[in-house]
Amino acid sequence: MRYFSQFGLGLLVATLLSGPQLALAQKEKKDEDFLVEKPAVGEMLPDVNVYNPDGKEFKTADLRGHYTVLTFGCLT
Amino acid sequence: MKFFFIYKTLAHPELVGNYVQPITLDERLGHAKQAQKQLGATIPWIVDAMDNRLKHALGDRPNSEFIIDPKGKVVRKRAWSFPAQVRKDLEALVGKVDRVTKDEDIKLALELPLKVPAERGVVPRLKRPRMQALVMEPQLEKKGQPFYAKLRAEADVGLLKTGEGKLYLGFHLDPFHNAHWNNLTTPLKYKLELPEGVKIEKATGEATKLKVTSDVAPREFLLDVGSWPADQPLTVTVTYAACVGDLACYTVTQSYVLRRKRDIDGGGARSEGGGLWDTEEFTRQSLAGDKDGDGKLSKSEVRGLILPHFERLDVDHDGYLEAAELKELVRWLNTHHVPGVPEQPKK
């Protein structure tokens, strides 16, 4: 499936943080530092065990086989 | 092409829904399911383990974003999610799409957070600006009661650096357990076991007895610490009476081991106690996105929480958010912490 939304993802993710929070956090740790931290572009995604919301455990390596977009978020 | 959100530790406990950090995997799975419900979207969530291994492995950011190729290699990364750029990245990697997915296709939502079973604002909150979460280990018991109330422990800079300063102990009811304080019996009590060399003014404390029979306001204490060596963990034991919905009431005693060390996964509280948004500062920081320098924000200049509410916040419908309209957003953000249902921005 090569369908993806230009803004839909943003609308959802945008509920997870606010601009000022973002700015404050940026002071703590600069974004450019993040880019050179591991895993850098070109390196493998670390393989760790994670869960689906039903509690089923799987490895991040199981995500291979597709282009995959991963975005961190939470309820607050 | 696949999309996933990764559910991680809370970035801002107490914000929008008074959620608190989960302490068990089951509780975090509940958070992820609530996120699906509250935020909508058909995009599935992946839940990080309780030791936050994926967050740590990928740079410890609250809203970072990665694109992985089919072999598992990182081909794009950014510190903050930026969907418009993701789209450009994906077009560069796999080509243009035949049909652009609309917001409604992925069933986006912005539902209200969990309701609390009793009043929240009946106890004045303590101010705790610039305090940071401490590492703590809840002492879970196999057949023990759930931690209906969860400790939030924070230290000021002095305490973290030198062992002398302010220690915040806040016992917050977890909305996921639908619990409320039973005020008909003895109020919540805490007791600190102090190893040699630790000096804390109030090693024991009791919450104020309230007239209302029940409420969900946090029970908070701010302690003066004269000395706390970094290698000496404290044990905090708390006893409280809580009822779950209308069904049953319990008196529980639960403990935590507390370390004089900043918890990088603890998040930053933004509650009334943690500090409301300051109008001027919020406006100043938001206008930092004013790329064309016209003193107002167009939709293309907006990111973060403002974006999904842009049209509603643009009360004069001129296509821009001016300072006055941003101030209205601050009011809205701050009222999210008031008991009951959060107010919606003015239409």
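**A walk through a predicted two-chain model**

Let me begin with one residue, B:N178, which is found in the loop between β7 (165–173) and β8 (179–182) of chain B, where strands are DSSP runs of E of at least two residues, helices are runs of H or I of at least four, and both are numbered from the N terminus. Phi of B:N178 is near 55 degrees, a positive value in a residue other than glycine. With 18 C-beta neighbours inside 10 Å, B:N178 counts as partly exposed; a residue is buried if 20 or more other C-beta atoms, placed from the backbone, lie within 10 Å of its own, exposed if 12 or fewer, and partly exposed in between.

Residues are numbered from 1 along each chain as its sequence is written, while chains are lettered from A and ligands numbered from 1 in the order in which they are written.

Chain A averages a pLDDT of 71, and 61% of its residues score at least 70, pLDDT being the predictor's confidence in each residue, from 0 to 100. Over residues 1–28 of chain A the pLDDT is below 50, although this stretch has 88 contacts in the model beyond near neighbours in sequence; a contact here requires C-beta atoms, placed from the backbone, that lie within 7 Å. Where pLDDT is low, the predicted coordinates should not be read in detail.

Turning to chain B, the domain assignment, which is automatic or from a database, gives domain 1 (5–106), domain 2 (132–262) and domain 3 (279–335).

Which residues touch the most other members of the largest nonpolar core? They are B:I6, B:Y7, B:W45 and B:V47, in a core of 35 residues, where a nonpolar core is a set of buried Ala, Val, Leu, Ile, Met, Phe, Trp, Tyr and Cys residues joined through C-beta atoms within 7 Å. Both chains contribute: β1 (49–51) and β3 (68–73) of chain A are among the elements that give two or more residues to this core, and from chain B these include β1 (2–7), α2 (25–39) and α4. B:I6 touches A:L70, A:T71 and A:F72 as well as B:I46, B:D48 and B:L54, not counting residues up to four places away in sequence. A second, separate core of 33 residues includes B:L151, B:V225, B:V238 and B:Y240.

Helix α4 of chain B, residues 83–94, has B:P83, B:V86 and B:L90 as its buried residues. Seen down the helix axis, these buried residues of α4(B) fall within an arc of 45 degrees, so they line one face of the helix, the arc being that of the directions from the axis to the C-beta atoms. After α4(B) comes B:G95, with a positive phi near 100 degrees, and α2(B) is likewise followed by a glycine, B:G40, whose phi is positive, near 70 degrees.

I will finish with B:L10, which lies in the loop between β1 and α1 (15–18) of chain B and is buried, with 23 other C-beta atoms within 10 Å. B:L10 touches A:C74, A:L75 and A:T76 in chain A, and B:Y19, B:Q21 and B:G267 in chain B, again leaving out residues up to four places away in sequence. The C-alpha atoms of B:L10 and B:D265 are separated by 7.9 Å, although these residues are 255 residues apart along the chain.

Note on methods. Predicted model: local features only at pLDDT ≥ 70, side-chain atom pairs only at ≥ 80, totals over all residues. Contact = placed C-beta atoms within 7 Å. Expected span 1.5 Å × (residues − 1).
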